[in-house]
Amino acid sequence: MSNSHSQSERIMLKHFHSLFPGTRKSEIRHVYSPYRVCPVGAHIDHQHGHVTGFALDHGVDLLYVPTETAVINLFSRNFEEQVLFPLENVPHKYSHWGRYVQAAIYALSKQHKLKVGIQGLISGSLPVGGLSSSAAVLLCYIMALADVNGIDVGELELIQLAFEAEREYIGLNLGKLDQSCEVLCRKDHLLYLDTKDESYRLIPPGPQMPPFDILIFFSGLTRTLMQTGYNTRTDECKVAAFDLLAYEGLPYGLLAETRLRDVDQAIFEKWKDKLPAPLARRASHYMSEFARVDEAVAAYQAGDIVHFGQVMFASGLSSIQQWESGCPEMIALYEIMRDTPGIYGGRFSGAGFKGCCVAIADPARREEIMRSVGARYLDKFPRLEGEYSAHVCKTADGAGHVGAPA
């Protein structure tokens with residue numbers, strides 16, 4: 001655990017004792033899930049594509065103790081309001097941050113009887129938006145609830161439970177990229193995940209790979225994916241795949257079960273001009289991004305950070321032009337990154353409608369990069385002074401239980 005993480009944990013522990021006085025330090029349990037970034041593989045996990053990912057050394061911490069009265073009693077260091085209800089009478093879906101513990105209960109309760117609740121304090125260490133904080137929060141709640149109820153949950157089941165919680169309860173038509181990165185990743189390794197069969201590899205950096213920073217530039221604009229065109233884009237991909245299979249005269253099933261992974265590149269090239277323009281753009285992004293993933297993996301294995309970064313920039317451009325995500329502020333951040341010496345590559349992080357951008361950069365030029373990007377961005381959007389922020393991260397291991405609080 002990093003020094004900054006240990007300091008944050010001490011602050012959390014003090015806050016925890018202020019909320020739950022009398023709790024012995026030895027009783028407090030701790031789970032942690034990192035945030036994640038996807039260098040290449042944007043917007044294709046829900047189409048059964050293959051993707052890449054890093055876990056970050058920043059994330060979500062949950063300090064908790066079991067409640068034998070089967071009560072959920074939670075506070076957040078990032079949001080107001082207390083979440084308090086009995087397990088036997090889970091209220092209607094909250095409209096605020098409390099719905100994520102409800103989602104975790106929903107997923108676990110499909111197969112297990114939950115008899116023990118938790119009281120605790122949850123905290124995220126970076127601004128919300130583009131780092132899959134929702135998946136990290138869900139993973140923490142699932143690990144904690146499984147722990148106090150004596151439920152053994154392995155890595156793959158943990159991923160599946162968090163996926164079901166977000167897809168079925170929260171209502172987001174996502175793939176498994178976020179949960180997989182936050183559970184399976186290991187420090188210094190690039191996760192290479194095939195979302196069709198869930199096979200994965202951890203790719204070590206090539207011997208020539210120089211040190212690199214992962215820089216997070218938060219636009220100052222927050223969003224939840226339920227408030228964007230995210231679900232519309234995934235539906236457009238399914239319709240495009242369905243149409244392409246039909247044009248080719250190939251068997252197809254239900255629209256809801258159709259994915260662009262079912263369509264060969266040659267079939268897309270043959271029939272793409274028959275697709276409505278928005279559907280053709282979505283499919284074009286998928287096809288090109290699918291190829292970029294393999295290109296990025298080869299560059300990482302070779303230790304070629306420059307080529308790796310160029311592939312990231314190409315991914316970002318396709319997200320803007322073909323996927324049509326972004327907003328003026330996010331697009332400006334992307335363009336500033338492309339024009340900043342010392343940044344090897346970058347793109348939107350997450351869906352890209354708001355939130356943040358991620359860059360791979362030279363640590364030797366860290367200070368000048370941070371100054372330049374911030375100054376140019378705020379010169380263009382001065383109203384976001386005080387909302388915009390920049391953060392330096394490194395790669396890290398995935399989610400799990402942490403030892404006794406320091």
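**The whole chain**

Begin with everything selected, bearing in mind that this is a predicted model. In cartoon view the protein chain shows 11 helices and 13 strands, and its C-alpha trace spans about 65 × 55 × 45 Å along the principal axes. A compact globule of 406 residues would have a radius of gyration near 22 Å, and because the protein chain has 21 Å, the value agrees with that expectation. If you colour by accessibility, buried residues make up 58% of the 406 residues, while the accessible surface comes to about 16,600 Å², of which 50% belongs to carbon and sulfur atoms. Of the contacts between residues at least 6 apart in sequence, 73% join residues at least 24 apart. Colouring by charge brings out 39 positive and 47 negative side chains, and the centres of these two sets lie 2 Å apart.

**Helix H4**

Next select residues 155–170, which form helix H4; at 1.5 Å a residue its 16 residues should span 22 Å, and the end C-alpha atoms, 21 Å apart, agree with this. Show the side chains of its buried residues, among them Leu-158, Ile-159, Leu-161, Ala-162 and Phe-163, and notice that Glu-164 and Glu-166 also belong to the buried set.

**Helix H8**

Move on to residues 277–302, helix H8, whose 26 residues should span 38 Å at 1.5 Å a residue; the end C-alpha atoms are 37 Å apart, which agrees. The residue that follows H8 is Gly-303, and here too phi is positive, near 75°.

Finally, centre the view on Ile-72, which is placed in strand S3 (residues 71–76). Is Ile-72 buried or exposed? Its relative accessibility is 0%, and therefore Ile-72 counts as buried. Leaving aside residues up to four places away in sequence, Ile-72 touches Val-83, Leu-84, Phe-85, Leu-87, Val-101, Ile-105, Gly-117, Ile-118 and Leu-145.

Notes
Residues are numbered from 1 along each chain as its sequence is written. This is a predicted model: local features need pLDDT of at least 70, side-chain atom pairs count only at pLDDT 80 or more; totals for chains, interfaces and linings use all residues. Side-chain values use heavy atoms; hydrogens and water are left out. Helices (H or I, at least four residues) and strands (E, at least two) are DSSP runs, numbered from the N terminus. The radius of gyration is taken over C-alpha atoms; the globule rule is 2.2 Å times the number of residues to the power 0.38. Buried means under 20% relative accessible area, exposed over 50%, partly exposed in between (1.4 Å probe, protein chains only). Contact means heavy atoms within 4.5 Å. Accessible areas come from the Shrake-Rupley method with a 1.4 Å probe; for residues, only the protein chains shown count as cover. Lys and Arg count as positive and Asp and Glu as negative; His and the chain ends are not counted. The place of a charge is taken as NZ of Lys, CZ of Arg, CG of Asp or CD of Glu. The expected span of a helix is 1.5 Å times one less than its number of residues.
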